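This report goes through a single chain, from its overall make-up to a few selected elements and residues. Please keep the sequence and the structure in view while reading.

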Amino acid sequence: MFVTVFLLLVTVCAQGGNGEEREEAQRPGHVSVVIVGGTGDLAKKYLWQGFFELYINQVRSGNTFSFYGGGLSPADKGKPALSEILKAVSCSKDLSQERCALLKEQFLRLSQYRQLKDLEDYQDLAKHIEQELQQEGMTEAGRLFYLSVPAFAYADIAEKINSSCRPTGEAWLRVVLEKPFGHDFRSAQVLASQLGSSLKDQEMYRIDHYLGKQVVAKILPFRVENRKFLDPIWNKHHIERVEIVLKETLDVKGRIPFYDQYGVVRDVLQNHLTEVMTLLTMRLPMNLSSSEEVLQNKLQIFTSLLPVGKNQAVVGQYQAYKTEVQQELNKTKDHFSPTPTFAAVLAYIDEARYEGVPILLISGKMLDERVGYARILFKNDVFCVQNHNNVHCKPKQIVFHFGHGSLRYPAILVSKNLFKPVLMDGEWKEVTEHTDVNILGLPISDYYVQTPTEQKEAYSELISHIFAGRKNSFVSTENLLASWGFWTPLLSSLVSSFPRIYPGGADNGDLLDVRVKGKDISYNSEVVIISNDQMGGTSANGFQVMQGKFRSADMVTAWAEELVERLAADIQEAAEAAVHEGGVFHLALSGGSSPLALFHRLTRHHFSFPWKNTHVWMVDERCVPLNELESNFHNLHEHLLQHVRIPYYNIHPMPVQINQRLCVEEDGGPLLYEKEFSKLVNGSSFHFVLLGVGHDSHTASLFPGSKVDEHAESLVALTESPVKPHQRMSLTLSAINRARNVAILVMGKGKHELITQLSRVKDNPHKWPVTGVKPAHGRLVWYIDYDALLG
């Protein structure tokens with residue numbers, strides 16, 4: 001049976017006075033802590049240790065605690081996993097072994113595993129908490145839920161907490177949420193709305209662990225403490241630029257399913273670096289302890305930020321990323337993801353104080369070192385004629401060093417030719433003995449250096465703030481949406497940007513160096529040669545989207561990702577024109593792997609596509625049930641249809657299964673499909689037909705030697721494939737050639753030999769079926785990537 005241990009505790013003492021923010025935490029009573037996802041990686045690495053430290057620091061406060069690790073697994077699997085995690089928590093060095101052992105034993109007795117899967121599980125948890133309170137005669141202080149789960153589960157869990165686990169009376173409820181908080185402005189808005197229907201804004205604590213880093217948390221106090229030095233120079237007349245940098249040496253292997261959806265801008269710049277930027281540039285609050293004032297001043301910065309577009313950013317991708325994506329996402333070797341693993345963004349603030357001051361936000365994976373810092377570089381108007389080592393001629397800068405790097409500890413560094421910073425806080429000390437290291441162009445001896453007297457882990461710091469009800473270390477709904485409002489237009493514009501490929505580590509050399517010119521940013525080196533493995537042996541910058549002729553028809557050629565971008569744009573253009581003309585767009589799509597990148601592009605980036613006016617038809621289908629993996633329609637549904645808002649009655653799968661049998665001629669499936677689109681499609685002329693081409697030159701399901709001419713009078717026919725499943729249903733050349741627009745998409749090195757052959761042969765649909773594609777009154781365009789074209 002679960003045992004509740006009572007502990008007398010000392011009243012919570014928050015530094016600097018938190019006014020009303022402390023009152024909730026001071027009210028003695030029982031606190032229930034629930035970590036949903038309590039046996040996951042984050043909980044294992046940081047959360048249980050953080051709550052153990054909270055428990056140690058609150059000993060004898062008059063509060064009692066219960067800790068629950070919630071998970072989807074049943075108790076027989078969850079309990080042992082949680083037990084192993086709890087055994088690993090540790091005490092700080094200043095606690096004796098005996099004291100540590102006692103506190104750890106109490107903490108383990110206070111902690112238990114609960115399966116939290118269904119609503120009934122949350123209701124059972126609430127009953128358990130109520131029973132504990134009644135049995136022990138305790139007054140409830142509050143309940144803290146930490147959601148260490150994927151963001152898609154937030155709304156459902158918040159609803160369960162709201163409906164079944166809310167405390168009664170004056171007890172508080174706090175729900176902690178981990179990033180990502182959306183994928184762009186719209187998704188963040190939807191998530192905020194969903195959460196807002198279950199939780200009040202003051203009950204939500206959106207955590208950005210960077211705000212728990214000691215140096216980041218010290219930025220505002222440092223600015224206040226040194227106001228007499230900083231006020232005269234914290235402006236455009238003295239600041240040359242601001243740099244906010246987070247470099248990492250690791251790759252993202254093992255995280256690809258998440259990372260490929262987000263990339264470095266969403267993963268780091270939109271949150272961590274943006275938060276630091278606001279702390280550096282916001283107007284100083286009258287009261288540092290006022291969460292509302294701090295958050296409002298942050299919000300003011302967002303309203304003053306100038307919009308950033310494609311010319312204010314450069315992106316890159318480490319070379320091995322392509323292979324990692326192919327392996328972890330089961331993609332073919334032709335697949336290339338444009339997701340950036342490096343980005344440098346240039347921002348400006350439209351305020352008189354900061355007018356024209358460039359703010360650089362830079363982050364990347366697989367760089368030369370692991371380090372994070374913010375640097376304010378000041379202009380130097382002193383010129384030393386002879387002694388260039390004179391301290392007055394060296395860079396003037398303040399560095400907020402978050403940790404790692406050659407310094408190896410968090411610190412605030414002020415170059416000695418600026419001023420000596422004030423040291424008011426007993427939790428910080430001055431460093432006077434230095435190792436022989438250089439920090440951003442200066443030996444450390446040229447700085448005044450301050451560091452925390454005791455290094456604390458970010459999550460432990462933030463957990464203590466949550467318990468104390470201090471919200472200025474967390475992201476409000478307003479600030480979250482303001483941040484996404486700033487970043488979303490840039491993310492949309494970067495969709496068409498091809499990332500610079502870099503080898504990783506020290507081998508990057510100066511490949512990622514950037515140049516600021518006016519309001520624009522660019523790579524310092526213009527031409528980059530990509531390895532054969534990465535890009536087929538051709539310069540990535542040497543080609544963009546190019547147009548030409550192939551087999552007397554129009555041709556568009558580019559690298560795979562850019563080619564897909566162009567094709568998606570062309571389809572949307574045709575759709576908008578058709579809807580404008582007649583209110584409807586008829587699109588016929590083929591099977592195979594080539595269109596998958598296109599489907600992905602349409603779902604993720606073409607939000608204004610007129611899906612509600614679009615009818616989707618099949619070019620061909622395998623004679624298998626539509627819910628089987630081999631079905632072209634199944635593929636189309638999984639990768640496109642389920643992700644867009646298209647009316648179900650606008651979707652037209654081929655009728656390959658009639659009378660509980662597949663593709664039997666007397667069932668008349670081809671004729672049924674022909675009648676269906678003849679009824680709905682004017683003149684049976686699709687607005688756009690997308691085709692691929694196989695290694696044997698088949699297109700749709702029209703194969704060499706299949707006597708495609710036999711189907712001259714039909715628009716749909718049953719055909720035979722040389723590979724399983726043999727039976728197919730397909731549009732005929734007659735149907736295809738009635739279309740207004742036909743696109744043939746060819747990608748990958750494996751198609752190079754075919755493209756070479758097709759460039760030489762004459763029209764012979766019997767031997768080369770694709771050569772029979774010749775729209776009578778429409779336009780044919782070949783979309784061929786460089787791998788297929790050049791080999």
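Two strands are said to pair if DSSP finds at least two bridges between them. Helices (H or I, at least four residues) and strands (E, at least two) are themselves DSSP runs, numbered from the N terminus. The model is a predicted one, in which local features need pLDDT of at least 70 and side-chain atom pairs count only at pLDDT 80 or more, while totals for chains, interfaces and linings use all residues. Residues are numbered from 1 along each chain as its sequence is written, and side-chain values use heavy atoms, with hydrogens and water left out.

**The chain as a whole**

The chain has 22 helices and 33 strands, and its C-alpha atoms fill a box of roughly 90 × 80 × 45 Å, taken along the principal axes. Of its 791 residues, 56% count as buried, where buried means under 20% relative accessible area, exposed means over 50%, and partly exposed lies in between (1.4 Å probe, protein chains only). If contact is taken as heavy atoms within 4.5 Å, then among contacts between residues at least 6 apart in sequence, 76% join residues at least 24 apart.

**A parallel sheet and a helix on it**

An open sheet is formed by 6 strands in the order β3-β2-β1-β4-β5-β6, with parallel pairing. Its edge strands, β3 (111-115) and β6 (204-207), each pair on one side only. From one strand to the next the twist averages 20 degrees, with axes being lines fitted to C-alpha atoms (for helices over the stretch in contact) and angles running from 0 to 180 degrees between N-to-C directions. Helix α2 (residues 41-57) packs on this sheet, touching β1 (30-36), β2, β3, β4 (140-147) and β5 (172-178), and its direction makes about 170 degrees with that of β2. In β3, Q115 is the bridge partner of G71.

Strand β17 (residues 447-452) is mostly covered, since 5 of its 6 residues are buried.

| Strands | Sense | Bridges |
|---|---|---|
| β13 (residues 411-415) and β17 | antiparallel | 4 bridges |
| β14 (residues 428-431) and β17 | antiparallel | 4 bridges |
| β2 (residues 64-71) and β3 | parallel | 5 bridges |

Within β17, Y448 stands opposite V414, and V449 stands opposite V431.

**Helix α14**

Helix α14 has 18 residues (477-494), which at 1.5 Å a residue should span 26 Å, and its end C-alpha atoms are 25 Å apart, in agreement with that value; the expected span is 1.5 Å times one less than the number of residues. The helix bends by about 30 degrees at W487, and a proline, P489, follows within four residues. Because 14 of its 18 residues are buried, α14 is largely enclosed by the rest of the structure.

V314 is found in strand β8 (residues 313-318) and, at 8% relative accessibility, counts as buried. Leaving aside neighbours within four places in sequence, V314 is in contact with F342, A343, A344, V514, I521, S522 and Y523.

D667 lies in the loop between β28 (661-662) and α19 (669-680), and is buried with a relative accessible area of 14%. Its side chain makes a polar contact with the side chain of N659 (3.0 Å), a polar contact being a pair of N or O atoms within 3.5 Å, of which, within protein, one must be able to donate a hydrogen and the other to accept it, and residues adjacent in sequence count only if both atoms are side-chain atoms.

Note on methods:
The bend at a residue is the angle between axes fitted to the seven residues ending there and the seven starting there.
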